[in-house]
Amino acid sequence: MTTIAPTKRETLPNLFDLSLADMERLLAEWGQPAYRARQIFRQLYVNLVETPLAMTDLPLALRERLVAETRLEPLTPKQVQTADNGLTRKALFQLPSGALVESVLMIYPDRATVCVSTQAGCGMGCVFCATGTLGLLRNLSPGEMVAQVVWAAREMRRFASGRQPAQTPRLPEDDAWWMPDDPENDAPSAPQISSASRLTNIVFMGMGEPFANYDRWWRAVEIIHDPRGLNMGARSMTVSTVGLVPGIRRLAREALPINLAISLHAPNDDLRSALMPVNRRYPLAALLDATRDYLAATGRRVSFEYVLLQGKNDEPEHAAKLAALLRGEAGPAGLPLHLVHVNLIPWNPVPGMPLGRSERRRVLTFQRILRERGIACTVRVERGVTIAAACGQLAGTLNAER
Ligand code: SAH
Ligand code: SF4
């Protein structure tokens, strides 16, 4: 086996890895005043420049030194695919190591959300997830996460300046999950014009398990949040976890109020362990315990994601059991229901997996049962299914190239 030694460029600092304080330290080492670091930060995250040479408020010598002694990676996607009339855009980034990661930008009538990857591949092995089939290739650095957000911010700038026709697409009839009478379900029932002009939301729901890469992920969050840069509010960011209890407990103590989504997918331990091996390490009782403490500490709403797999976890009994679990009628103490929301996600088919997407009728029955028992519940319809850009599909291109 041959190992690839890092080239000299790969050992240079990636500017996207640096907080403003880190950048000030670097510039101090270079004998530069602190305000230069603020200028660079602003150029990167407000002006969204693609190269230090374009930072025209810096002296030329400093710009050249930045080009020679730092890097900005990954900056350009290897490939961008679009769907839904250009309102869904998936980027494939090649990392210097050769690993590939994907990000998805979804433009809605009044907002724009980017779905960010936190690892190349994922080691958690959920049986319904395309990323899971890859295993963990490697953790992403903070800069590799920040760069995905910068890509999306640039796409939005292009979108807004081009004034592209921004009709919200109609989904094909057989994918018509929305109920016209239920505006809460997250899907368009009629074409609308998008007035979104900038990136407004970030979800860490791409490839990988964020809490398995917690420290780097959190550094990325802080850089993305910095008001002197991208200035994304903590409440506009959501992290999704497979259910790593230590991560949930840690998030509860953080100063920034990032939103939390927890992948549940089953109402009992046997089924959950069969779908998600992580449940053997952190079974439902431990997960609900951590969630209860999180809710008590933060007072913020949590959403539970529940992927519906035809005939596996989508029967009325599963819905009733799930309601009982959350209400505390099934053993472990219940949760404060006003802080709980269940998001039903019809499974996005992954080629080769012996699983099926629940029929619409079953999805709606499941939703009704939860609602009747006092649990807020919506159905999420994924964007970009045709370009394999929906949750859990991020790995298609990767697999194809391997
Ligand atoms: N690792 C984290 C975040 C990334 S996955 C987690 O598991 O929560 C984001 C969401 O997509 C999770 O709820 C995951 O269960 C779900 N998902 C995975 N594969 C899917 C698929 N094929 N169809 C629909 N949702 C899927
Ligand atoms: Fe990893 Fe999330 Fe996929 Fe599970 S669902 S394998 S945790 S990315």
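**Tour: a pocket, a ligand shell and a sheet**

By class, eight nonpolar, three polar and two charged residues line the second largest pocket (Ala, Val, Leu, Ile, Met, Phe, Trp, Tyr, Cys and Pro count as nonpolar, Asp, Glu, Lys and Arg as charged, and the others, Gly among them, as polar). This is a predicted model, where local features need pLDDT of at least 70, side-chain atom pairs count only at pLDDT 80 or more, and totals for chains, interfaces and linings use all residues. Residues are numbered from 1 along each chain as its sequence is written, chains are lettered from A and ligands numbered from 1 in the order in which they are written, and side-chain values use heavy atoms, without hydrogens and water.

Select Tyr45, Leu48, Ala153, Arg198 and Leu199, which among the 13 lining residues lie nearest the centre of this pocket. Then colour helix H4 (residues 142-162), which gives the most to the lining, with three residues.

Next, show ligand 2 with Cys122, Met124, Gly125, Cys126, Cys129, Gly132, Gly208 and Val242 around it (a heavy atom within 4 Å). This shell has five nonpolar, three polar and no charged residues.

Now switch to cartoon for the open sheet of ten strands, ordered S1-S2-S3-S4-S7-S8-S9-S10-S11-S12 with mixed pairing (strands are DSSP runs of E, at least two residues, and helices of H or I, at least four, numbered from the N terminus; two strands pair if DSSP finds at least two bridges between them). Strands S1 (79-83) and S12 (376-379) are at the edges with a single partner strand each, so one side of each has no neighbour in the sheet.

Finish on strand S11 (residues 340-346), which pairs with S12 in the parallel sense over four bridges. Leu344 has Val379 in S12 as its bridge partner.

Conventions:
On a 1 Å grid over the protein atoms alone, a cavity is a set of points where a 1.4 Å probe fits but cannot get out, and a pocket is an open set with protein on both sides within 12 Å along at least five of seven lines; lining residues have an atom within 4 Å of a point.
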